[in-house]
Amino acid sequence: MLVSLRDVGVSFGSTVIFEGVTAEVQENSRIGLIGANGAGKSTLLNTICGAQEYETGELDRKSGLNAGYLRQNSGLSTGNTIEEEMRSVFAPVLHARDEMDRLHLEMSGCRPDSEEYRRLSQEYDRNQAYFEGNDGYLVDVKIKTVLNGMGFEDKDLRTEISTLSGGEKTRLALAKLLLSEPELLILDEPTNHLDFKTLIWLEDHLEHYKGAVIVVSHDRYFLDKTVREIWEMEFGHLRVFPGNYTKYKGLKAELMARWEKEYEAQQEEIADLEDYIAKNIVRATTSKMAKSRIKKLEAMEIIERPREYSKKMFLKFDFDRDPVKDVLLVDGLSLSVGEGLERKHLFDNLSVHIQRGEKVAVIGANGIGKSSFLHALRGELKQDRGKIRWGQEVKASYFDQENRQLHPALTVIEELWSRWPRKNETEIRTMLGRVLLQGEDVYKKVGVLSGGERAKLAFAILMMERGNFLMLDEPTNHLDLQSKEILEDALRDYKGTLLFVSHDRYLLKAVPNRIIEIFDDHVEVFNGNYDYYLEKQREKAAAAAPAPKAEKQPSAGSTAYYRTKQQKAEDARRRARIRELEKLVEQLDGEIAEIEETLQNPGDLASDYQKMEELCTMLEEKKNQQSEAMDEWMELSEE
């Protein structure tokens, strides 16, 4: 066990953040921590790590526990290059290698039978044991594997971190933490700034991670793929549910339904007891029985009324008239954005045909032009080539991920009234109330609303517009888990036509019946949801992989013997090859060290440029040989 909490409580002054928290983190735990903003999730994680003191209860932590916590700020050394930052994780191992190089040079100047040689040899052996015991020969392979997985395969490793974007820094910080391989890995919103390819790689990496993992995430699909236990922080208390996020939803619904029934049954019992007491306490014949019921009432453990953090918003998208069957036809669309030297070409040859009632999702790499595609459909962006044809009676409504259609200077109620001036105040307030914009909130300026509040205001506008074709650009951005699920249900129930851009894989799994993936020169269409899309991607990858070599099949009578004998022979050859590679890597390590020493202290060779160039070429060849040998060693070791 890594961490054990028993009735742990934390308060800030008179404010109780949480209390009575009891939970355990095992060596291979996979935990998803969820809860509303401000519920105490970060405080709990800091308490687990030891960065936050607790006032009540007991907390046991494994002695010397190595916990790595990826917060939403990166914590990188911005003066370093990418390579320097990643190699800093392996500083002790690389120091041991440098010591081996130094000791090797010193030993070369000593007699093998001298005391100094024996001392240096023993020190060399200690460093070598540490180096090899910590996979020193695989440092570069590990760095390359994780950086490629996190989307840095085309990035120059000499790039300074200070020049990276915020999203790149977040991904690099995650890569560094994964390389450090702590016993307890804590990730706070790790899916931010990750594309589908990187998300899939991270999910697979976490599935095979050796230590324990705690994840805070609003990505429901990610939680489904990576966790086996949900911790829900709510009203200062922690509940633990077995299973992934989807299993948690069912268990939570069952819990709340059972809790509600138990509460109502007890309230009825209490009412009956109080009614009996009131009627019989003064009667001589029944007073004793009434007093007995008083004692029962006093001894009763009162069930608290079930409660939720907030009221649920209500979304229902309706329309007044059906359009024709063929609502949208796009043929050979080509798009570019920007002007002059800043002009950027996005994609060519995008063709799509959408019929009434379809729910179509649009996906593609970041920057490919998904949002621009929607702008072109709305006539806000002129296409380079191609045709866009809308069917008759189509009334399109649009949700902008940045909510740029809203007016920052207007109040919330003015935003709706300016669009529907004939509506009375009750009608406007009723619609705003459905999205939980109530009371004094309706007089707030749109410009000061939070991202979630602006999204809810935009949903109110969509409901009032009553469009029969909804175009949504990243509609789940800024929404909490509850609001995402309410939107998801509303879109599933919508009878009109839906075209939306999203990176929310849970939404992509639940809503669309078709997915369009945009590339720079074509589109690919998948007639199903996100799970279907993934299945087709796996089939494509399998078809592209080289076919395995056919093996001669033994006769039925000798199958068991042949297989055992063949396996033994293969294992022997594999082990022999691993030993050969280990010797080769060690030999090349010494040769590389000698060449590097010569280059650092060239002596008379300093003026012989041809010889120096030959040494540099030889050094590069040796390093390439060593890298290839380590790659092969890693593959054979994993078999």
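Start by selecting E269, I270, L273, E274, Y276, I277 and N280 in helix α9. The model on your screen is a predicted one.

Sort this contact by residue class. The contact of α9 with α10 has 8 nonpolar residues, 2 polar ones and 4 charged ones.

Next, show both helices whole. Select residues 245–280 for α9 and residues 287–299 for α10. Two packed helices are described by the angle between their axes and the distance between the axes. Here the axes come within 9 Å. They cross at roughly 145°. What is the handedness of the crossing of α9 and α10? It is left-handed.

Move on to F235. Where does F235 sit? Look in the loop between β8 (229–234) and β9 (237–242). F235 has 24% relative accessibility, so it counts as partly exposed. Buried would need a value under 20%, and exposed a value over 50%.

Last stop: cysteines. Select C49. Its relative accessibility is 27%, so C49 is partly exposed. Now select C110. This residue is also partly exposed, because its relative accessible area is 22%.

How many disulfides does the structure hold? The count is 0. A disulfide is a covalent bond between the sulfur atoms of two cysteines.

Key. Residues numbered from 1 in each chain as written. Predicted model: local features only at pLDDT ≥ 70, side-chain atom pairs only at ≥ 80, totals over all residues. Heavy atoms only, no water. Disulfide = S-S within 2.5 Å. Buried < 20%, exposed > 50% of the residue type's maximum accessible area, 1.4 Å probe, protein only. Axes fitted to C-alpha atoms, helices over the stretch in contact; angles between N-to-C directions. Helix = DSSP H or I, 4+ residues; strand = E, 2+ residues; numbered from the N terminus. Left-handed = near helix turned anticlockwise from the far one by under 90°. Contact = heavy atoms within 4.5 Å. Nonpolar A, V, L, I, M, F, W, Y, C, P; charged D, E, K, R; others polar.
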